[in-house]
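Subject: Structure handover

Hi,

Here is the structure for you to look over. My notes on what turned up in it follow below.

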Amino acid sequence: MAMAMVELWTHIGSLMATIMFVWAIIQQYCPYQLRGHIEKYVHKFTGFLYPYITITFPEYTGERLRRSEAFTAIQNYLGSKTAIRAKRLRAEAVKDSKSLVLSMADNEEVIDEYEGVKIWWTSIKSTPKSQTISYHPSSDEKRFYNLTFHRRNRDIILGSFINHIMEQGKAVELKNRQRKLYMNNSNNDWWHKSSWRHVPFEHPAKFRTLAMDPKKKQEIINDLVKFKNGKDYYEKVGKAWKRGYLLYGPPGTGKSTMIAAMANFMEYDVYDLELTSVKDNTELKKLLIEISNRSIIVIEDIDCSLDLTGQRKKKKTEEEENTEEKIKDPVKEAEKEEKKESKVTLSGLLNFIDGIWSACGRERLIIFTTNHKEKLDEALIRRGRMDKHIEMSYCGFEAFKVLAMNYLDVEWDESYEKIRGLFEETEMTPADVAENLMPKYEGEKTEECLKRLVEALESTKEAAEKKAKEEAEAAKMAEKEKEEREESTSEKDHEDNEIECNGVGVKEVKENGHIEKDDQNNSNMAI
């Protein structure tokens with residue numbers, strides 16, 4: 001029996017050596033076209049004997065100009081699994097990631113399972129034949145993942161598993177990545193590849209700490225959740241996956257804090273768009289194209305950013321006044337043109353928000369802020385562009401309780417009833433309330449902070465009453481002056497009417513003067 005096994009393995013070894021020799025001859029001397037046909041039939045023959053299918057995911061696609069999204073998603077997907085099951089791991093500090101990313105080492109294998117199907121993942125790296133110095137990996141150096149599974153599970157793997165790993169991988173990437181705060185770059189320098197510059201977004205604002213009425217806050221949260229899960233809904237109704245918010249209210253009411261809380265809740269990047277540094281509508285479109293998905297586009301103080309209604313008239317007047325200077329000194333005119341104010345029009349901004357160009361990205365929030373809602377063009381803030389209008393009003397008692405919990409860690413105090421009454425009679429912004437609640441030195445007691453707030457509210461109430469009294473007196477004086485002007489005008493009109501009547505009499509006297517003169521002489525003689 002032992003001799004038979006030895007003889008069998010000897011024959012197998014001889015057969016394998018013969019096959020390898022023949023394959024080497026084919027690789028070396030056969031024409032490329034013939035070799036391709038031979039390889040095709042060899043793979044077919046092997047397929048009958050080997051029941052497993054292998055899918056390869058290369059690291060780079062498109063002639064190595066771009067890293068494959070599928071490779072990155074698989075790397076993120078396998079990150080948690082390899083940390084548990086793989087024996088050899090590789091740690092990388094990936095750009096824009098919060099922590100180190102663990103992945104499989106080269107030529108390592110991990111067994112995965114999906115809906116009862118056994119799957120093998122293998123990380124492979126090919127060694128280059130020659131060493132070269134290049135910014136990108138050489139053409140011979142390739143990394144890829146192999147996904148191996150039994151051919152009877154083809155429908156499950158190709159039908160749902162591939163989509164599953166792509167979604168899971170992207171979710172892991174979004175969870176681990178460092179979110180960013182972008183600003184548009186006004187200088188088009190050649191070394192800046194993008195029109196946006198960014199810094200890490202580290203604002204700590206949360207809805208939990210936001211000073212706002214709880215019912216109103218929950219309404220906004222529900223709206224955001226509905227939007228975030230609304231991919232299929234927006235496709236069904238035929239709308240771009242975006243939503244506009246208009247935040248309006250007096251200064252200090254927490255509009256910027258609301259934006260930060262929304263960004264943290266949605267886990268989106270923030271793009272702070274400064275319209276005054278955008279040259280024209282074309283540049284505005286370029287900025288829109290470069291904005292990533294899952295982001296918030298913010299235009300703060302939209303009423304102060306651009307004079308979108310009177311800009312053309314102003315431009316025309318300036319051009320008429322400077323016509324002679326253009327002819328005399330074209331060099332200075334070119335310099336002025338570079339520094340000239342933005343040419344972004346209302347039409348360009350509307351297309352940016354709700355036109356065809358607005359559909360070039362998905363899952364985006366567009367937020368405008370303003371202190372004066374009444375100054376904005378109705379076309380700019382109508383539903384469909386600014387879908388939800390959120391009034392950021394003065395601080396109420398419910399918002400005060402949130403601030404007191406944030407700054408003093410107090411849920412209730414004896415002074416709250418008095419404070420409630422003062423808030424009903426006084427207007428104070430959340431920013432002012434927070435400043436009064438914040439301890440001014442180490443160890444300051446809660447009672448002192450609340451007392452300072454009460455004094456501030458009473459002072460504000462007195463100032464408001466004084467201002468209202470002065471305004472009432474001013475209005476009364478204005479009304480009195482108006483009545484005096486009306487009486488003076490009425491008396492003047494009456495005098496003018498009398499003068500007009502007398503004027504007619506004089507005219508008649510002049511026309512009949514000889515009669516009146518004779519009558520006057522007769523009267524004198526009689527006397």
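Ser295 has 0% relative accessibility, so this residue counts as buried. Here buried means under 20% relative accessible area, exposed means over 50%, and partly exposed is in between, with a 1.4 Å probe and protein chains only. Ser295 sits in strand 13 (residues 295-299). Helices (H or I, at least four residues) and strands (E, at least two) are DSSP runs, numbered from the N terminus. Setting aside residues up to four places away in sequence, Ser295 touches Tyr268, Asp269, Tyr271, Glu363, Arg364 and Leu365. A contact is a pair of heavy atoms within 4.5 Å.

Some ground rules. This is a predicted model, where local features need pLDDT of at least 70, side-chain atom pairs count only at pLDDT 80 or more, and totals for chains, interfaces and linings use all residues. Residues are numbered from 1 along each chain as its sequence is written, and side-chain values use heavy atoms, with hydrogens and water left out.

Confidence next. pLDDT is the predictor's confidence in each residue, from 0 to 100. The protein averages 80, and 76% of the residues score at least 70. Residues 309-317 fall below 50, and this stretch has 8 contacts in the model beyond near neighbours in sequence. Residues 513-527 are also below 50, with 1 contact counted that way.

Now the cores. A nonpolar core is a set of buried Ala, Val, Leu, Ile, Met, Phe, Trp, Tyr and Cys residues joined through side-chain atoms within 4.5 Å. The largest one has 28 residues. Those with the most contacts inside it are Phe207, Leu224, Met258, Met262, Ile296 and Leu365. Helix 5 (214-228), strand 11 (242-248), helix 7 (255-266), strand 13 and strand 14 (364-370) each supply at least two residues. Helix 7 gives the largest share, 7 residues. A second, separate core of 27 residues includes Tyr248, Leu288, Leu346 and Ile353.

On to the rings. The structure holds 17 aromatic pairs. Rings of Phe, Tyr and Trp (its six-membered ring) pair if their centres lie within 6.5 Å; planes under 30 degrees apart count as stacked, over 60 as edge-to-face and the rest as tilted. Trp121 and Phe161 have ring centres 6.2 Å apart and planes at 40 degrees, so this pair is tilted. Trp121 is in strand 7 (residues 117-126) and Phe161 in helix 4 (residues 154-176), 40 residues apart. Both are buried. Tyr182 and Tyr271 have centres 4.2 Å apart and planes at 5 degrees, so they are stacked. Tyr182 lies in strand 9 (residues 180-184) and Tyr271 in strand 12 (residues 269-272), so the pair ties together parts that are 89 residues apart in sequence. Tyr182 and Tyr271 are buried. Phe57, Tyr77, Tyr114, Trp121 and Phe161 form one aromatic cluster.

Finally, two loops. Ser277 is in the loop between strand 12 and helix 8 (281-290). The side chain of Ser277 makes a polar contact with that of Asn184, at 2.9 Å. Such a contact is a pair of N or O atoms within 3.5 Å; within protein, one must be able to donate a hydrogen and the other to accept it, and residues adjacent in sequence count only if both atoms are side-chain atoms. Asn107 lies in the loop between strand 5 (101-104) and strand 6 (108-114). At 51% relative accessibility, Asn107 counts as exposed.

Best wishes
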